[in-house]
Amino acid sequence: MRLLAVDHPLVAHKLTVLRNVRTDSPTFRRLADELVTLLAYEATREARVDSVEIQTPVSPTTGVKLSSPKPLIVPILRAGLGMLDGMARLVPTAEVGFLGMIRDEDTLQATTYATRLPDDLTGRQCYVLDPMLATGGTLAAAVRFLVDRGADDITAVCLLAAPEGVQHLDDETRELGVPVTVVTAAVDERLNEKGYIVPGLGDAGDRLYGVVD
């Protein structure tokens with residue numbers, strides 16, 4: 001597994017505001033959207049392309065276009081939805097699938113409760129959106145789910161990661177035979193006893209959409 005923590009002053013600035021407990025939900029949503037676009041730029045660096053011949057106003061030239069099959073963006077519900085627009089803005093021709101997963105707060109195990117994805121992902125590059133790589137269980141389960149359907153290259157875009165989650169994801173995906181990359185704004189210190197990233201930014205879903213009982 002490859003890990004890329006994006007070192008850029010705009011990334012650090014937006015992440016600092018997201019961390020602030022005083023940042024309200026509308027501001028949090030806007031900044032998360034902007035931050036994801038910055039992370040997506042790095043996440044798509046290895047996007048597959050084909051050569052294409054075009055005519056400029058001056059002369060013919062060779063350029064590139066995204067290869068087929070199209071990339072697939074997969075937000076993990078519900079918090080991943082807050083990252084979708086920022087990613088799709090950079091890759092507007094990508095297709096979008098959805099994966100609903102929930103983490104048991106006692107066992108910290110992830111289970112799938114909803115899917116809206118092609119049955120066959122053979123040859124597809126997938127970009128998984130999950131704000132927090134905390135314990136790593138949810139993201140590891142998502143990667144396995146996509147690989148089982150044939151995905152052969154997976155990049156996860158996360159706002160934040162914890163060392164424990166990074167290690168767990170690496171352990172769980174090492175034998176899959178598929179390249180896995182994590183792109184994140186920062187790797188924080190640790191997890192607390194409740195499985196939250198420290199210092200983190202709290203519950204990303206609640207901060208994006210409010211607390212829903």
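1. Glu34 counts as partly exposed because its relative accessibility is 26% (buried is under 20% relative accessible area, exposed over 50%, partly exposed in between, with a 1.4 Å probe and protein chains only). Its side chain meets that of Lys14 in a salt bridge (2.7 Å, N to O); the term means a side-chain nitrogen of Lys or Arg within 4 Å of a carboxyl oxygen of Asp or Glu. Lys14 lies in helix α1 (residues 9-19) and Glu34 in helix α2 (residues 25-43), so the pair ties together parts 20 residues apart in sequence. Lys14 is buried, at 13%, and Arg30 joins Lys14 and Glu34 in a network of salt bridges.

2. A word on the source: this is a predicted model, where local features need pLDDT of at least 70, side-chain atom pairs count only at pLDDT 80 or more, and totals for chains, interfaces and linings use all residues. Residues are numbered from 1 along each chain as its sequence is written, and side-chain values use heavy atoms, leaving out hydrogens and water.

3. The whole structure holds 12 salt bridges. Another one pairs Arg174 with Asp171 (3.0 Å, N to O); Arg174 is partly exposed at 49% relative accessibility, and Asp171 is partly exposed at 40%.

4. Now to the binding site: the UniProt annotation, from an unreviewed entry, includes Arg78 and Pro131, and such annotations may be inferred rather than shown by experiment. Pro131 is buried, with a relative accessible area of 2%. Beyond four places away in sequence, Pro131 touches residues including Ala79, Met83 and Cys158 (contact means heavy atoms within 4.5 Å). Arg78, by contrast, is partly exposed at 31%.

Notes:
Helix = DSSP H or I, 4+ residues; strand = E, 2+ residues; numbered from the N terminus.
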